[in-house]
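Work through the exercises below with the structure open. Try each task before reading its solution.

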Amino acid sequence: MKGHNIGEFEELLMLMTGVLQREAYGVNIQREIKSKLDRDVSLSAIHITLYRLEDKGYISSYLGEATSVRGGRKKRIFELTQAGWAILQAVQEKRTKLWQLIPGFNS
Amino acid sequence: MKANNYPKWILRMLEKWCPDYLFDAIAGDLIEQFHENEDNKGTTYAKLYFYFSTLKFFRPSLLFRNKFRWGFFRNTLLIPNLTLFYRKFMRNKVYGSINIIGLSISLALVLLIFLFVKHEFSYNRFHEKGDMIFQLVNTTTLGPNKGEKSAIVPYPMGETLYNEVSGIENFCRYKTGLLIVKNWKEEQTERVSYTDKGFLEMFSFRIIHGDKASAMKDPNNIIISESVALKYFGESDVIGKTIQTNDKDFLVSAVMANAPTNSSIDNNMIINIESIYPDGGNWDNFEVITFVQSEKGKFTSNDFEFNINHVAEKHSEFIKEQLKNYFPEYKGEPIWDINCIPLKDIYHNQVSSFLKSNKAEYSYIMASIAALILLISCINYVLLALAGAESSIKEVGIKKVIGVSKQQLGRQFMGESIILAWISGSMALLLAWYFLPQFCVLTGRKLEFDFVSDFSIILGVFTIVNLVGFIAGAYPSLFLARMAPLKIFRHKSAHRGKGYLTRGLITIQFTICIFFLASSWVMHNQMNFIRTKDLGLKTEKVIQLDIPNNIKTNINTIASRLRTELNDSFQLSAMSSFPWSNATVLPLDNERSVQANWFYIDYNWVDVLGIELKEGRNFDVAVTSDATHAVIINEKLAMELSFDQPVGELLPMGNKDSLRIIGVLKDFHYQSLSQPIAPTYFVISNPYYSELLIRVPSGKNEDFVPLLEKAWKKAEMDIPLNFHYLNDVFTEMYGSEYRWQRIMDISTFIGIAIACLGLFGLIGLEARSRTREIAIRKTLGANTLSIFWLLNNQVARILLYAVIISSPFVIWTMQKWLQSYAYRTTIYWYVIPVAGLWGLLIAFLAVLYPVIKVIKTNPSRYLKAE
């Protein structure tokens, strides 16, 4: 689908949302990216990108519980929508297709 | 439970710009991150990290999610008012644009003229010792020129004053001339200044290369400006190189930075003045001007000028003796009345042709033109803002019903007005910047536009713009905002009663326009008069060759060689410089004397210029006494001399050799028509010619130049061929007049254009607000013309007032201007009324489109509504 591409960072965040499920909120995503991929990402970048993905309709969000470690503030928990799953799979498929086209890869 | 030791104030800041619905989650994440960091890396790090992470949220992609919450902007940037302004502007594009265009054009003009005036008043102010340097200016105390100011003082004056008057610290004599430089194959004529070494100590011209103290020691040294160095040598460090001239070779001893554009004193090339006066001049050598430098604070003492005059008198005794012999009526009165003119004033004090100068009046005239045009466009701005406010009266009503306070409304109107003014202001800066080169050509000045260093420009524009915006916004913000909503809805249509204000303001605009129109018409008439006036001599097809006086070949040799090379149909004559004459005083009897100009001419000079002889005869080669004892005079001098029969009489020359009048020439104008014809006489004198005049036979204009060049080459001259048409010289006499005429034309055009723009907008709005009335009239059978008149009869009446009000101003100023010409046209009676008619025509044309548009609309469209 033309015009419905997602960037690398967006894909990363969507995958993380999928991985973390009910624990998929801003600072936790940051933490997991650090521990799993050893990559430093700023909190604001994560938030902004998540809001953008929400605008595009690939993820949705709801407010979760508040904890004391958060100073009594609620979490905004993100989850993938159907469209989000679809585009992640489409990206995956396209990539596999391209990998297969590399000569000598599949032999 | 964690301690809440995270910095809370920065979260409060985040709350200000962050959309509400996102804030909680973001803050929570930040705090969670803080605590984690605190556990792992310590509190300080965590706090720092907290600050940065929070500040990183200040980014557009978050800010612009503030779709439902404007609080932040409402208090600071007045975004809703801006939106409102934008919508209003788009709805009324034409009127908004008229406002902006008119104001920005006139502001740009004001800016440019401001630059000009500022430049005019900045002349010679860059010298560090400027307030201690004075130019000596003498006021003539005797004779027919009594009261005239002259800066030319005797050559030894400067040095004598320096030696004998206490308080004079330094002096320099100064004189300019031309030098033929032979460094290239093609010889170049360069401007040169002769002066003393005090020049370098007194004036702040920067020396780039070379030593100040020794630069002018040797009369064979020359100081050149950087531009001259680059021109001849391609580099600026050229000390020790040679400038070859027709006279001798000069050794470059120093290179000077180019003089700023606002310097009266030229520093193109500087040579020690002693090189042209090797044995020092006498007190009767009147060729130089002199600057003196006082000791700091000395000038305030009253007797400074007195001492100078005293010393000058003391050294002029022998001149006085001569005068006593020459003029019997002279009894030895003081001949000096010297004043010290401060350096900063010499630009506006036109006393010496050696220095660049200009009348201060020109600056004042320019400034008044700018002020008048600014007034026109400000009136426009105010009028259109008023009319626009009328149309937003409903908005006021509804807002008031909703509960908007009058302060808020007032602020809104004021804000709109000022925003519009700001837009115009920035456009004016752009326009001014764009038109600066053209303006430089028009005014003949090298002006620069420097926003950064010249903060006053920005400040000036800012002030004017805010003032105009404020005045224009004052009415709606004070008056409309106060109106009771009930009154607004009951009357519905615009509030009346400000008709006088509007009409009065338009009258002022048109008065200015008619003034411009009529004045520039009179100026055109006068220039036409000058162009078409029979001068009494034929300047067309006369070529003038300048022959420098310091060349080796005698001018008569040049003339005779050229005569043999050119064929007989060319008439050639040698003479002293023309049309610039020498002057002298002829004593008539014991009481009276007359100032007369005189020229050295050749035998056939009268024929070359086609001047008619009234009485007597021309010089004749065959009569040998003509070369030494004969003179031709003009009618004016004949009249002054009041002989019954001038031919055959002796010219009264005091005790000098007698000259017998052999002919009288009809009067002809060789000076600008601003001056009356001067008494003039002409004598033959071989050694003092400096110019050749050549009359080209008719029909030979184009192929003459190569012919002349060929002849010049064949004659083997050692100087460059330097010629121009005499006609151009005569046109150049009126150079500044033509320049002023153009400036006046452009001002007239801009003034009328802006006023018409305003009228276009105003009548357009008026016509639109009266569409119903017009529709009803049309259905009742009114024709287009009568409706047109209905809408415009006011304009006609206003123009009538404008003509009446402006006519005294036009007559007064133009009479004053015409009086500066000895030969002038009159202000024709019809100029002002016809200018008024023109104004009416232009005004009608301007309003034609909006009015016709309203008239032509089908009346049912308006009557159906409601």
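**Exercise 1. Chain B as a whole**

Task: How many helices and strands does chain B have, and is chain B compact or spread out?

Solution: 
- Start with the secondary structure. In this predicted model, chain B has 29 helices and 23 strands.
- Next, take the radius of gyration. It is 38 Å for chain B, whereas the globule rule gives 29 Å for 866 residues. The value is well over the rule, so chain B is more spread out than a compact globule.
- Along the principal axes, the C-alpha atoms of chain B fill roughly 120 × 90 × 60 Å.
- Check burial. Of the 866 residues in chain B, 49% are buried.
- Finish with the contacts. Take those in chain B between residues at least 6 apart in sequence: 78% of them join residues at least 24 apart.

**Exercise 2. Helices α1 and α2 of chain B**

Task: How do the axes of α1(B) and α2(B) cross, and which residues make the contact?

Solution: 
- Two packed helices are described by the angle and the distance between their axes.
- Classify the angle. Over 145 degrees counts as roughly antiparallel, so α1(B) and α2(B) are roughly antiparallel to each other.
- Assign the hand: the crossing of α1(B) and α2(B) is right-handed.
- List the contact. L11(B), L14(B) and E15(B) come from α1(B); F23(B), I26(B), A27(B), L30(B) and I31(B) come from α2(B).
- Sort by class. This contact of α1(B) with α2(B) has 7 nonpolar, no polar and 1 charged residues.

**Exercise 3. Helices α2 and α3 of chain B**

Task: What is the crossing of α2(B) and α3(B), and what classes of residue make up their contact?

Solution: 
- Locate the helices. α2(B) spans residues 20–41, and α3(B) spans residues 43–55.
- Their axes come within 7 Å and cross at roughly 150°. That makes α2(B) roughly antiparallel to α3(B).
- The crossing of α2(B) past α3(B) is right-handed.
- Collect the residues. The α2(B) side includes L30(B), I31(B) and F34(B); the α3(B) side includes Y45(B), Y49(B) and F50(B).
- By class, the contact of α2(B) with α3(B) has 7 nonpolar, 5 polar and 3 charged residues.

**Exercise 4. One residue of chain A**

Task: Is I87(A) buried or exposed?

Solution: 
- I87(A) lies in helix α4 of chain A, residues 82–101.
- Its relative accessibility is 8%, so I87(A) counts as buried.
- Compare sequence with space. I87(A) and Y58(A) are 29 residues apart in sequence, and 7.9 Å apart from C-alpha to C-alpha.

Methods. Residues are numbered from 1 along each chain as its sequence is written. Chains are lettered from A and ligands numbered from 1 in the order in which they are written. This is a predicted model: local features need pLDDT of at least 70, side-chain atom pairs count only at pLDDT 80 or more; totals for chains, interfaces and linings use all residues. Side-chain values use heavy atoms; hydrogens and water are left out. Axes are lines fitted to C-alpha atoms, for helices over the stretch in contact, and angles run from 0 to 180 degrees between N-to-C directions. Helices (H or I, at least four residues) and strands (E, at least two) are DSSP runs, numbered from the N terminus. Angles under 35 degrees count as roughly parallel, over 145 as roughly antiparallel, 65 to 115 as roughly perpendicular and the rest as oblique. A crossing is left-handed if the near helix is turned anticlockwise from the far one by less than a right angle, and right-handed if clockwise. Contact means heavy atoms within 4.5 Å. Ala, Val, Leu, Ile, Met, Phe, Trp, Tyr, Cys and Pro count as nonpolar, Asp, Glu, Lys and Arg as charged, and the others, Gly among them, as polar. The radius of gyration is taken over C-alpha atoms; the globule rule is 2.2 Å times the number of residues to the power 0.38. Buried means under 20% relative accessible area, exposed over 50%, partly exposed in between (1.4 Å probe, protein chains only).
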